[in-house]
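Please look over the sequence and the structure first, then read the points grouped below.

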Amino acid sequence: MRRLVIGGGMAVLLVLLFTALAVAFAARSLPSFYQLQATQVGQTIVVRARDGSEIVELGPSFGEWLDSSEIPQVMKDAMISVEDQRFQSHFGIDPVRLTGAIIEGVTGDERIGGTSTITQQLARNVFLNSNRTLDRKLREAVLAMALEWKFSKEQILELYLNKVYFGGGAYGIDSASRKFFSHPATDLSTAEAAIIAGLVKAPSRYSPTADVDAAVSRAGVVLRLMKEQGRIADSVTIDPSAVKLKEETGQNSVRYFTDWALPQLDLLLPETFEPIEVWTTLDTGMQRAATASIKANTPEGAQGALVSMDRDGAVLALVGGTDYVETNYNRATDAVRQPGSSWKLFVYLAALEAGYTPEDRVVDTPVTIDGWSPRNSGGGFAGEMDLRSAFAYSKNTVAAQLGNEVGFGTVSSMARRFGITTPISTYPSMVLGTSEVRLIDMTRAFAGVSAGGQSVEPYGILKVTTSDGELLYQHERSDPVQLVPDYVAAGITDLLQTAVNTGTGRAAQIGRPVAGKTGTTNSNKDGYFVGFSSGVTTGVWMGRDDNARVASLQGGRAPAQAFAAFMRYAVKDRPVEEFETELQLPEWQMEPDDEQFFGDPDDYYFIDEQGNLIEPGRGAPPPGQGAPFPVEGEPGVGEADRRRAVPATDPQRQPARPPQQPNEGAPSAASDDFLRRATGGGGGTTQPPPRPSPTPPAREY
């Protein structure tokens, strides 16, 4: 027995010696108090709308660091009561609590749990993970004793209350107080302190934003323990349910926007871990309107997406689905779906650039191209019509003919020019929108048309600052590139406006000028509408994620209705803008009048057979005495050519072509007889040449 006691005593001494050495070594390795104070577990990002209002806070939030003297005593008492009632007396671990837990575990056949002190929790939160292993518990105990060795109780409690996690991304009591009660932790009441203290056990379960009743019930437990331990009087009556909680103002659809915009920070900013504030282009009112329009108009069982951008590319609203909580897949920026007839934008842009005008005549008739025979949605053919009507009523056969004439590669290049980034097929059927695209890219393309044919770059971040206001990034718009001539942009706007006024997009009318195009794919799998008004361009897509058919889904119905519902709000404070649809055609494509075609007759010079100038304004010389001849660099030709002029184009032909110069066949400046005699040729008349006319005064030209 003596040897057993001695051996046991020696073993205990060795364990104590080893523990003391481990604690001493750990204490020497610990960071200083100020280093621990500055340590954060992640970056906080506050996202703001274009008006500066906060729309969401992402990542951990730490609030203001409160010194021990600034922390309300009721907060300290509430935390000690529920988490570690012997905090002031133990050395990092609580032998009483640990022994009781072991006995309960042995007798009750339950695992040992609930033994961590505040110091142990601090050690785990700062240095370790939450694995439930014996090795982690031993290291936690050593670190806890090292913390007690190196720091005072007040310092440990200050670190704990400023670093412990309270749920909802809130680290520290100040962050939790601001998140749940909208005021700093220095103003916490007893009931509010009880609610915060009760969160530590299970932040996700007891968070007021997740379950108010659970949070209030847990706060009641904290208040009961505070009374039992004499930290508040028994006579004090406190009702946690009367606490006014902060209302959740965030929209879950906003996360679709932040999921698209915030990853761009990796390219815009140098690596930083300090808290930042991101000022975005998002308009909260428009975002709510967009969310409501998608939910109200999307067919049952389908999904919907919407992208809206300003004339400079600033994204004003972005909805990637009907509910972010149910599915965070962003259909506005990530999904690739067929755009249907909205793709005809690029077909007609290529045709207009090649020389077509909205008034040109085309024929809606059966056509076969490389074995492919498109048909119209109604199954019939309308015959001859103008280009404007063919676009408004989305005639597939006309689009096929145009694509075949200008070249399918040309149509593909036009789509690339306007910002389509996905692969594009060059098979004939591509003119009907068989190539899959992203909604944000199609919206960008239509925004380019709204901008008069200039390039538009979508962006969502205006500026980035630190929490102290230091500017880290400022958006600067790049110089736009003219993608198509002005007259092409005016022509396609004319067609798009007609499609809304009288064509397939009539459901998109909002009481002011709107230009847009519908799109519906085979078997009603996808519905599209993209259009613009008063500088705002909006694209809407609807369909199923599994690409199944959606009954009665057409671009001119639900998508166009969602577009109209959103745009009525989006442009309500903007002035009405009429579209620029007047075609200012280039010279080679215009039908010139006589004066433009030939110029002023008084600007032409006549020479006689001797090469002498005849004074202008006296009419043409007698026959055989000279002929009109234009001076180099001057426009037009003479009277004889005017009589011979033939129109360069036929109004029934497709598109107008550059006019030929009308001086073909004009008479020579001198007679053939004169030229033969002047060059020494024979066979001419032997009569002497007529006397030369008096030389007119010299004229500057």
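Helices (H or I, at least four residues) and strands (E, at least two) are DSSP runs, numbered from the N terminus. The protein has 24 helices and 15 strands. It is a predicted model, in which local features need pLDDT of at least 70 and side-chain atom pairs count only at pLDDT 80 or more, while totals for chains, interfaces and linings use all residues. Residues are numbered from 1 along each chain as its sequence is written, and side-chain values use heavy atoms, with hydrogens and water left out.

**Confidence**
- The mean pLDDT (the predictor's confidence in each residue, from 0 to 100) is 82, and 79% of the residues score at least 70.
- Confidence is highest in strand β12 (residues 536–543), at a mean of 98, and lowest in helix α23 (residues 639–644), at 36.
- Over residues 683–701, pLDDT stays under 50.
- Where pLDDT is low, the predicted coordinates should not be read in detail.

**Burial and surface**
- Of the 701 residues, 48% are buried, where buried means under 20% relative accessible area, exposed over 50%, and partly exposed in between (1.4 Å probe, protein chains only).
- Helix α5 (residues 118–127) is largely enclosed by the rest of the structure, because 7 of its 10 residues are buried; among them are Ile118, Leu122 and Arg124.

**Salt bridges**
- The protein contains 19 salt bridges, each a side-chain nitrogen of Lys or Arg within 4 Å of a carboxyl oxygen of Asp or Glu.
- One of them joins glutamate 277 and arginine 48, with 3.1 Å from N to O. This pair links distant parts of the chain, as glutamate 277 is in strand β3 (residues 276–280) and arginine 48 in strand β1 (residues 45–48), 229 residues apart. Glutamate 277 is buried at 16% relative accessible area, and arginine 48 is buried at 17%.
- Arginine 124 and glutamate 140 also meet in a salt bridge (2.9 Å, N to O). It connects helix α5 with helix α6 (residues 134–150), the two residues being 16 apart, and both partners are buried.
- Within helix α8 (residues 173–181), arginine 178 and aspartate 174 lie 4 residues apart, about one turn of the helix. Their salt bridge has its closest N and O atoms 2.8 Å apart. Aspartate 174 is buried at 2% relative accessible area, whereas arginine 178 is partly exposed at 36%.
- Salt bridges that share partners join Glu359, Arg388 and Asp494 into one network.

Terms used: Contact means heavy atoms within 4.5 Å.
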